[in-house]
Amino acid sequence: SLVPLPSEPPPGPSHVSGLAPCLPKEGHDNTSGPRLLLSTLHPASGSSTAMDRIFSAFLLSLLLLLQSSAVYGTPPQPRGTLCRTKPTDLVFIIDSSRSVRPHEFEKIKVFVSRVIEGLDVGPNSTRVGVINYASAVKNEFSLKTHQTKAGLLQAVRRIEPLSTGTMTGLAIQFAISRAFSDSEGGRARSPNFNKVAIVVTDGRPQDGVQDVSARARAAGIEIFAIGVGRVDMHTLRQIASEPQDEHVDYVESYSVIEKLTHKFQEAFCVVSDLCATGDHDCEQICVSIPGAYKCACKEGFTLNNDGKTCTACSGGLGSALDLVFLIDGSKSVRPENFELVKKFINQIVDSLEVSDKQAQVGLVQYSSSVRQEFPLGQFKNKKDIKAAVKKMSYMEKGTMTGQALKYLVDSSFSIINGARPGVPKVGIVFTDGRSQDYITDAAKKAKDSGFRMFAVGVGNAVEDELREIASEPVAEHYFYTADFRTISKIGKKLQMKICVEEDPCECKSIVKFQSKVEDLITSLQQ
């Protein structure tokens with residue numbers, strides 16, 4: 001079970017004063033000096049590495065929580081994984097040049113508002129300013145102008161585009177020399193708070209950015225770059241801090257920029273290790289997670305429904321599971337990402353108890369057509385499954401998700417293809433784009449047949465399609481990520497009870513699975 005920080009109010013909407021629904025950024029030192037988040041939009045060719053990491057971690061995360069209830073006896077119940085944001089001087093620097101259409105500029109404003117909603121706003125916590133730029137720079141409001149979240153959100157709604165050129169370097173210089181100055185409400189540099197600027201642009205600047213960005217970084221400002229559309233990748237790299245795979249992000253259009261909200265909320269989050277401080281009520285084992293903790297039990301015990309106490313197990317022979325991966329092999333995935341998919345499928349296989357009486361694994365790949373790589377039960381051990389995965393070739397071509405779902409229903413979970421009567425059946429559908437065919441009927445039939453369906457989307461996946469594929473409750477069975485660091489948040493949300501026995505001690509094999517996959521995720525995040 002998940003427990004909020006001590007002495008905080010019950011979980012509620014993101015606007016609760018003093019709290020934000022965010023997670024700490026993995027591997028980041030939140031005690032560092034000022035930071036500049038540069039949000040700029042760039043072409044897909046620059047996002048290969050990030051997409052590889054996102055997909056791999058996402059698939060692992062999905063399976064991890066798919067099994068979570070068996071590890072702890074009952075599914076972890078979120079009690080408000082809220083965290084407090086570190087005091088920050090935050091300045092948004094938003095591009096409103098002529099290439100940004102009016103309706104696209106509205107999307108930028110929504111993105112800015114969503115980030116603000118996740119912050120602790122106040123004169124002694126986070127202060128927010130906005131710079132609007134095109135050929136010239138306009139200070140919409142400074143760090144000292146609004147001291148409440150409501151005031152900030154109203155001010156953002158009033159911002160209008162300038163619709164001329166793109167002087168990104170000039171805007172960054174304005175942020176350094178004026179926006180963060182004492183006269184505009186900026187605070188003196190201190191390890192107790194950060195200075196952050198988020199810059200959004202979609203094109204090539206008409207001035208230089210390399211030198212001014214270097215001066216910003218030298219001043220202790222951390223720069224994040226988010227690119228949209230036809231952005232110049234070289235410019236983004238000149239602006240962003242190191243490591244650049246953590247400081248440069250991409251979305252193909254303004255219509256999906258809001259999906260990056262959680263990443264930037266996480267950057268401001270500060271939490272403590274509640275297990276280390278003893279602020280928990282676990283009977284046996286406290287497991288620290290970002291912003292909260294969950295209870296676990298020693299070997300031979302299972303967690304009770306209260307999420308705190310443990311009961312001795314009477315033994316167990318393991319739990320049966322028929323699991324089929326339905327993997328998008330379309331051309332948008334790209335060969336290097338597809339190899340990463342195969343690598344992490346095999347790491348997951350390493351964590352399963354594979355046998356006729358326990359876990360069986362099937363694998364289906366689809367693009368413009370559907371190809372069964374191997375059915376349930378064809379391979380009786382991990383070695384053979386892994387060898388088959390390594391031999392799988394990349395199909396490329398289109399994205400016929402509906403056809404693939406129909407195949408899953410009609411063939412993958414049929415007895416003739418190795419499915420076992422009475423055994424829980426789980427389908428995990430991964431896609432990175434819009435389906436080119438109709439998915440509604442096949443998605444409904446899969447769920448009506450009793451299959452537990454998870455829909456995992458990355459990049460340009462369509463969330464309406466993911467929701468249509470996912471089992472009920474939909475919020476716990478579909479997931480989208482545009483960034484690798486969202487894995488922790490996805491990890492908390494995904495809950496599914498695979499072990500159907502009344503006695504959770506019967507899930508011994510899944511307990512082992514959980515532990516191993518957690519180790520994999522920890523290693524990947526590091």
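Okay, let's start with one side chain: that of Asp 328 makes a polar contact with the side chain of Ser 330, at 2.7 Å. Keep in mind that what we're looking at is a predicted model. The Asp 328 side chain has another polar contact too, this time with the side chain of Thr 431, at 3.2 Å.

So where is this residue? Asp 328 belongs to strand β14, which covers residues 321-328. Is Asp 328 buried or exposed? Its relative accessibility is 1%, and the cut-off for buried is under 20%, so Asp 328 counts as buried. If you skip its neighbours within four places in sequence, what does Asp 328 touch? The contacts are Val 333, Tyr 366, Thr 399, Phe 430, Thr 431, Asp 432 and Gly 433.

Now let's move to the nonpolar cores. The largest one has 32 residues, and the members touching the most other members are Phe 92, Ile 94, Phe 111 and Ile 198. The top contributor is α3, with 6 residues.

Pick Phe 92 and look around it. Leaving out neighbours within four places in sequence, Phe 92 is in contact with Val 112, Val 115, Ile 116, Val 128, Gly 129, Val 130, Ile 131 and Ile 198. And there's a second, separate core, this one of 27 residues, with Val 361, Leu 363, Phe 374 and Val 426 among them.

Back to two of those helices, α3 and α4. When two helices pack, you describe them by the angle between their axes and the distance between the axes. For α3 and α4, the angle is about 175° and the axes are 10 Å apart. Since angles over 145 degrees count as roughly antiparallel, that is how α3 and α4 run relative to each other.

Who makes that contact? On the α3 side we have Lys 109, Val 112, Ser 113, Ile 116 and Glu 117, and on the α4 side Lys 149, Leu 152, Leu 153, Val 156 and Arg 157. Sorted by class, the contact has 5 nonpolar, 1 polar and 4 charged residues. Val 112 and Ile 116, by the way, are also among the contacts of Phe 92.

Most residues other than glycine have a negative phi, and most peptide bonds are trans. Here are some that go the other way.

Glu 242 and Pro 243 are joined by a cis peptide bond, with omega about -5°. Pro 243 sits in the loop between α7 (233-239) and α8 (244-247). Glu 472 and Pro 473 also have a cis peptide bond between them, with omega about -10°. You'll find Pro 473 in the loop between α15 (463-469) and β19 (478-481).

Glu 396 has phi near 65°, and it isn't a glycine. Lys 397 is in the loop between α12 and α13 as well, and its phi is positive too, about 70°. How accessible are they? Glu 396 is partly exposed, at a relative accessible area of 38%, while Lys 397, at 59% relative accessibility, counts as exposed.

Terms used. Residues numbered from 1 in each chain as written. Predicted model: local features only at pLDDT ≥ 70, side-chain atom pairs only at ≥ 80, totals over all residues. Heavy atoms only, no water. Core = buried A, V, L, I, M, F, W, Y, C linked by side-chain atoms within 4.5 Å. Buried < 20%, exposed > 50% of the residue type's maximum accessible area, 1.4 Å probe, protein only. Helix = DSSP H or I, 4+ residues; strand = E, 2+ residues; numbered from the N terminus. Contact = heavy atoms within 4.5 Å. Axes fitted to C-alpha atoms, helices over the stretch in contact; angles between N-to-C directions. Parallel < 35°, antiparallel > 145°, perpendicular 65-115°, else oblique. Nonpolar A, V, L, I, M, F, W, Y, C, P; charged D, E, K, R; others polar. Polar contact = N/O pair within 3.5 Å; in protein donor to acceptor, adjacent residues only side chain to side chain.
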